[in-house]
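Please take me through this model in a viewer, one selection at a time. I would like to know what to select next and what is there.

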Amino acid sequence: MTPSVLFYISGHGYGHARRCGQVIRVIADVAPEVRVHVRTTALPRLFNGVLPPDRVRPCDADAGAAERSPMEVDPDGTLDRMAAALARRDAVVAAELGAIRDLGPRLMVSDVPFLAGDVAAAAGVPCVAMSNFTWDWIAEPWVADRPDRRPLLDAMAAGYARMAGILKMPMGGVSAAF
């Protein structure tokens with residue numbers, strides 16, 4: 001079987017897709033025998049010229065951030081999105097297990113959906129995160145004023161804790177779960 005790597009990429013903004021695209025290009029250069037697949041909420045066109053279109057598929061494994069404007073995040077809306085992602089965790093894991101069976105990855109990479117850790121654990125496939133931040137780190141200051149939302153941080157950290165580690169990029173911060 002041809003070795004493959006499966007990326008779970010946040011569709012929030014273009015940064016996650018663009019930096020993963022560069023990593024995917026390097027994989028193609030140094031290990032052309034490895035088939036890379038992407039599951040994402042990002043626009044598929046962001047991977048034009050990086051991967052064939054049939055290797056980029058939509059999935060529901062990411063919460064992303066809600067925004068009031070291009071320059072202003074909506075904390076309550078973002079926490080709601082995170083809660084909704086966690087509420088659908090079992091359905092996402094079940095759906096993604098089907099995709100994983102078809103793709104047969106030897107490794108999963110998350111930039112940086114926390115549900116990827118749950119998917120990887122259920123599939124028995126190692127997963128690493130790659131980012132300059134994690135969603136629980138982003139949400140932590142907002143939860144200080146909303147203690148009823150604290151369980152969201154714990155649930156996101158549990159997903160990250162199921163990953164083997166993180167390739168942390170400069171600036172930002174990451175989950176203590178790593």
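**Aromatic pairs, then the sheet**

Select phenylalanine 133: this residue is buried, with a relative accessible area of 12% (buried is under 20%, exposed over 50%, partly exposed in between; 1.4 Å probe, protein chains only). The model is predicted, so local features need pLDDT of at least 70 and side-chain atom pairs pLDDT 80 or more, while totals for chains, interfaces and linings use all residues. Residues are numbered from 1 along each chain as its sequence is written, and side-chain values use heavy atoms, without hydrogens and water.

Rings of Phe, Tyr and Trp (its six-membered ring) pair with centres within 6.5 Å; planes under 30 degrees apart are stacked, over 60 edge-to-face, the rest tilted.

Next, select tyrosine 160 and phenylalanine 178: the pair is tilted because the centres are 5.6 Å apart and the planes at 40°. Tyrosine 160 is buried at 0%, whereas phenylalanine 178 is partly exposed at 32%. Show Phe114 too; Phe114, Tyr160 and Phe178 form one aromatic cluster.

Now switch to the cartoon. Six strands form an open parallel sheet in the order 3-2-1-6-7-8; strands are DSSP runs of E, at least two residues, and helices runs of H or I, at least four, numbered from the N terminus. Two strands pair if DSSP finds at least two bridges between them. The edge strands are strand 3 (56-58) and strand 8 (165-168).

Finally, select residues 107-111 and 127-131: strands 6 and 7 pair in the parallel sense over three bridges.
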